[in-house]
Amino acid sequence: MGLQEFQRGDITVEFKVSDGGPVLVLFQAEQDVPVRFPSNRHIDGNFFIFKTPDAEAAHRRLMDHGVSVTDILLYEGVQKYFFFEDPDGNRLSVED
């Protein structure tokens, strides 16, 4: 995903998402814990969404790194998005 690791602890890894922007912190769990999302009228299924200014470039980058991705789709004919899975099988999405 191009995130820059900047701090690692005993059970955490922190990534810079952008300079001066948000930080993604991942915690190691003692056991598999399924992610649960509340039901809503906008999302079909459970997944995290990564926002990008260029979905096509993100799509190419993931493919270049051997990640299996879906075709690029269009939401309301304008917004580009696609799906992929992390190594643990969690469904993720990228959209512009």
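**Notebook: a sheet, a helix and a surface patch**

I started with the pair E6 and E7: strand E6 (residues 79-85) and strand E7 (residues 91-95) run antiparallel and are joined by five bridges. I keep in mind that this is a predicted model.

Next I looked up a residue pair across these strands. Phe82 has Val94 of E7 standing opposite.

Then I checked what packs here. Helix H1 (residues 55-64) lies on the sheet and touches both E6 and E7. I noted that the direction of H1 makes about 20° with that of E6.

I went on to the whole sheet. Which order do the strands take? I read E4-E7-E6-E5, an open sheet of four strands with mixed pairing.

My next entry is about the surface. I find a nonpolar patch made of Phe6, Ile11, Val23, Val25 and Phe27. Together these residues have about 460 Å² of accessible area. Which strand gives the most to the patch? Strand E3 (residues 23-27) does, and I count three residues from there.

Last, I picked out Phe6, one of the patch residues. I located Phe6 in strand E1 (residues 4-8). Is Phe6 buried, partly exposed or exposed? Its relative accessibility is 36%, so I wrote Phe6 down as partly exposed; that class runs between the 20% cut-off for buried and the 50% cut-off for exposed.

Definitions and conventions
Residues numbered from 1 in each chain as written. Predicted model: local features only at pLDDT ≥ 70, side-chain atom pairs only at ≥ 80, totals over all residues. Heavy atoms only, no water. Pairing = 2+ DSSP bridges. Helix = DSSP H or I, 4+ residues; strand = E, 2+ residues; numbered from the N terminus. Contact = heavy atoms within 4.5 Å. Axes fitted to C-alpha atoms, helices over the stretch in contact; angles between N-to-C directions. Patch = residues over 30% accessible without salt bridge, like charges linked within 9 Å, V, L, I, M, F, W, Y side chains within 5 Å. Areas by Shrake-Rupley, 256 points an atom, 1.4 Å probe, with all protein chains shown as cover. Salt bridge = Lys/Arg side-chain N within 4 Å of Asp/Glu carboxyl O. Buried < 20%, exposed > 50% of the residue type's maximum accessible area, 1.4 Å probe, protein only.
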